[in-house]
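Colleague: I'd like to learn how to read a fold like this one. Can you walk me through it?

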Amino acid sequence: MKKLKVELLLLLLILVSSSCGNISQKGEKIISEEMMIRIAEIEIDAAYFDEYISILKEESKASVQLEPGVICIYPMFQKDRPTSIKLLEIYANKAAYEAHLQTPHFLKYKNETLKMVKSLNLVEMDAIDKETMPEIFSKIDHF
C-alpha cells in the first residue's frame, strides 16, 4: 500500500511538472518561502463539461506561458467523478496571484464559466519541503 502511494505521488509530481512553467522564466529567482500554493476544488455542471474543459485548458496554458509569476496551474479531474475538477496552483508570490486575477485570459475564463460552476473551494496550502520543491520542476527536462 505504501509503495502504491509513493508511486502515485511520483506520477503526480511528473504530471504536474510537465504542465508547470519554468521557474526562471525571466531570470527571476523564485523564493520558496514567498510562493503561494493552493488547490482549487471545482464542481462543474455535467451539461457544460466539454465546454468548461476547453475554456480551462486555454486559460491555464495562457497563464503559464504569459505570466512569469505563474509557476503552475495544473488542472485535473477525479477519474470516478469527471465533473470534480482540482487545480494545483503555484504562484511566485501573492503579488503574482493578484496580477493573475486581472489578466484578460483569467477574466475571460471567469466570466465564461460562471454559469458552469456548481461549487468552488479554494484550499490554501504550504510546501513541506521548500528547499527541494524547485528541483521537482527542473527534473522534467532531464527525463
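**Helix, sheet and confidence**

Modeller: Start with α2, which lies across β1, β2, β3 and β4 and runs at about 160° to β2. Contact here means heavy atoms within 4.5 Å. Helices (H or I, at least four residues) and strands (E, at least two) are DSSP runs, numbered from the N terminus. Axes are lines fitted to C-alpha atoms, for helices over the stretch in contact, with angles from 0 to 180 degrees between N-to-C directions. This is a predicted model, where local features need pLDDT of at least 70 and side-chain atom pairs count only at pLDDT 80 or more, while totals for chains, interfaces and linings use all residues. Residues are numbered from 1 along each chain as its sequence is written, and side-chain values use heavy atoms, leaving out hydrogens and water.

Colleague: In what order do the four strands of the open sheet come?

Modeller: Two strands pair if DSSP finds at least two bridges between them. Here the order is β2-β3-β1-β4, with antiparallel pairing. β2 and β4 (117–125) are at the edges with a single partner strand each, so one side of each has no neighbour in the sheet. On average, neighbouring strands are turned by 15° against each other, direction ignored.

Colleague: What joins β2 to β3?

Modeller: Eight bridges link β2 (residues 70–78) with β3 (residues 81–91), and the two run antiparallel. They form a hairpin with two residues between them. P75 stands opposite L87 in β3. Eight bridges also join β1 (residues 36–44) to β3, again antiparallel, and R38 has E89 of β3 as its bridge partner.

Colleague: At what angle do α2 and α4 cross?

Modeller: Angles under 35 degrees count as roughly parallel, over 145 as roughly antiparallel, 65 to 115 as roughly perpendicular and the rest as oblique. The axes of α2 (residues 49–66) and α4 (residues 104–113) come within 9 Å and cross at roughly 165°, so the two helices are roughly antiparallel. Residues making the contact include Y52, I55 and L56 of α2 along with F106 and Y109 of α4.

Colleague: How far does the pLDDT average of the chain go, and what share of the residues score at least 70?

Modeller: pLDDT is the predictor's confidence in each residue, from 0 to 100. The chain averages 82, and 75% of the residues score at least 70. Over residues 4–19 the pLDDT is below 50, and that stretch has 16 contacts in the model beyond near neighbours in sequence. Residues 21–26 are also below 50, with 13 such contacts.
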